[in-house]
Amino acid sequence: MQCFGFFSLFSCLLAQLFVGTKSTPGGQNMTGTFPEDLAHLSRLTYINFAWNELEGTLPSLSSRMKPITNIELQYNYFSGTIPSDLFQFENLLRVNLAANR
């Protein structure tokens with residue numbers, strides 16, 4: 001599934017979310033910034049935006065995302081500081097931010 005631009009990204013996310021609790025549009029050549037609305041999805045367990053062309057800073061994630069276990073954001077163009085709340089989730093097993101700016 002190819003995801004380009006906001007509306008295509010939104011469609012990809014919706015398709016994944018209705019199938020399960022994963023957001024996995026990794027490696028889709030997506031551009032833009034991290035979709036901050038993901039922080040409002042309280043049942044999300046897995047975020048994979050690896051191997052895309054996303055840029056900007058990482059937003060703070062909502063404490064409502066308690067089930068999150070994996071955050072895969074490697075090989076993008078994220079920059080700035082890592083939000084301290086990224087590591088607050090008790091179920092979090094893996095965070096990969098390798099190869100960003």
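# Reading a predicted fold, step by step

Me: What share of the contacts in the protein chain with a separation of 6 or more comes from residues 24 or more positions apart?
Reply: Contact means heavy atoms within 4.5 Å. Here, residues 24 or more positions apart account for 46% of the contacts with a separation of 6 or more. This is a predicted model, where local features need pLDDT of at least 70 and side-chain atom pairs need 80 or more, while totals for chains, interfaces and linings use all residues. Residues are numbered from 1 along each chain as its sequence is written, and side-chain values use heavy atoms, without hydrogens or water.

Me: How many helices and strands does the protein chain have?
Reply: Helices (H or I, at least four residues) and strands (E, at least two) are DSSP runs, numbered from the N terminus. The protein chain has one helix and seven strands, in the pattern α-β-β-β-β-β-β-β.

Me: Which strands form the open sheet, and in what order?
Reply: Two strands pair if DSSP finds at least two bridges between them. In this model the order is β2-β4-β6, with parallel pairing. The edge strands, each pairing on one side only, are β2 (31-33) and β6 (77-78). Three bridges join β2 to β4 (residues 53-56), and Gly-32 has Leu-54 as its bridge partner in β4.

Me: Are Trp-51 and Tyr-75 exposed or partly exposed?
Reply: Buried means under 20% relative accessible area, exposed over 50%, and partly exposed in between (1.4 Å probe, protein chains only). Trp-51 counts as exposed because its relative accessibility is 52%, whereas Tyr-75, at 39%, is partly exposed. Of the 101 residues in the protein chain, 40% are buried.

Me: Which residues form one aromatic cluster?
Reply: That cluster is made of Phe-34, Phe-49 and Phe-78.

Key:
Phe/Tyr/Trp six-rings, centres within 6.5 Å; stacked < 30°, edge-to-face > 60°.
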